[in-house]
Amino acid sequence: MGKYFSAKDTRQVVSNNFNAVRGLFRLSSPKLTELVQPITEIPYSKFRRLMSGERDITVEELNTLYELLAVPPTTFMLPWSIKLPSKRTGFFSKKETRVANPVFDCMGTPTFPYSIAGKENWLPAQFVGQALTKSDVLFTLERLEGDDRLYYFEDTLQKMLEEYTHNLFPTDQYIATLQALYDRYPAQQDGSLLINDVADFLMYFGHALLAYMRKEATLNLYQQLVRASKESMFVRCYGDRAFSTASAPWVDDDAPLGTLFQLVNYAGRTKFEIMVRISAFLGEKRYEQISITAKDSPNGNTLCSIDIPFNYQEWFAYMMPTTVTMSGLRGKTPTSSADGITIWEGEIWKELCDEESVQPFYRRFPYLYPVLTPTE
């Protein structure tokens, strides 16, 4: 096979890699045989001989294992470490030195097709495939054994998942937007708000509200993926609390005195009603918009109105190769009307607050929740 290993070592390398991957998924050969049956017919005897290094791996098997385990063919075929040439000094020779195989660093990050994975597999499968094509991860896995190997892989996936959830939602921007509202319009001692410029208040409140809407939509996406993933075999590779731990920094901000509580207070303590309309414009330049109007409470006269455009698709750009549709648009006919399509409109205080208990502790804005559709 040239530079990295000789022809006589091919089967042993593939056998070692196959057994290591199988161990990470905690799969016996009979169980693996059972799982591949919906994809293709591979008898147990073939996996047994592959496991013992008695035969070569086929293209069909590589493709099947990729579809089932999200592990690219190169991870099975190439050695996870390479031996550096030894140098002799007199009668002595230096101890063999092995390093990570640099070939893996040249292959880029694999994407497990959503059309193969489906919602129940995509998130956990994506990181398994990414981890098992990183030269440093493979090198370390090769050197470890037993539980140490499993714990290291769990820890690797945990870190990747935490990085993903950190990038999933712009937490720093979210906090800064809310803090800008709090600083600009702090509550008075009696809890009231001093608002001299209604348009300015609506702009700050509108951006804070939009940030919270984005968080709710993103959280729903994450819950969809995690809820579906509980039945995925890929969770065999993760720790018990991997997903909840990764999302904890931005999921749990709705406790008493949290973000939603604050927004309810802002919407309820003004001397005017705040009406909101969320609309979508599906023309050549597609965008969404939140329109906020302040109306005088006694007679309903409009005091001021502002528009804040946003791009819903950009909220979920990291979900490719999957298309994301706003649930509130399903079943609605596209229009080129200047008014766009109304997703929702009404008084925002009533939308934010549970009017019966006045306790804002359940998920909001279901019309903004994402619907995931595989891209064919």
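Let's call a residue buried when its relative accessible area is under 20%, exposed when over 50%, and partly exposed in between (1.4 Å probe, protein chains only). The model is predicted, so local features need pLDDT of at least 70 and side-chain atom pairs count only at pLDDT 80 or more, while totals for chains, interfaces and linings use all residues. Residues are numbered from 1 along each chain as its sequence is written, and side-chain values use heavy atoms, with hydrogens and water left out.

**Exercise 1. Work out what share of the protein is buried, and describe its core.**

Step 1: start with the whole chain. Of the 376 residues in the protein, 48% are buried.

Step 2: Helix H11 supplies its largest share, 14 residues; helices (H or I, at least four residues) and strands (E, at least two) are DSSP runs, numbered from the N terminus.

Step 3: pick Ile348 and list its contacts (heavy atoms within 4.5 Å). Skipping neighbours within four places in sequence, Ile348 touches Phe205, Leu209, Ala267, Ile274, Val276 and Phe365.

**Exercise 2. Find the cavities of 30 Å³ or more and describe the lining.**

Step 1: set up a 1 Å grid over the protein atoms alone. A cavity is a set of points where a 1.4 Å probe fits but cannot get out; a pocket is an open set with protein on both sides within 12 Å along at least five of seven lines; lining residues have an atom within 4 Å of a point. Points are joined across faces, edges and corners, and volume is the space filled by probe spheres set on them.

Step 2: check who lines the largest cavity. Among them are Tyr66, Pro72, Phe112 and Gln126, and helix H7 (residues 122-131) gives the largest share, four residues.

**Exercise 3. Characterise the second largest pocket.**

Step 1: the volume is about 270 Å³.

Step 2: 15 residues line this pocket, with Gln173, Leu210, Ala211, Arg214 and Trp315 nearest its centre. Helix H10 (171-184), helix H11 (198-229), strand E7 (302-310) and helix H14 (312-315) each give two or more residues. H11 has the largest share, four residues.
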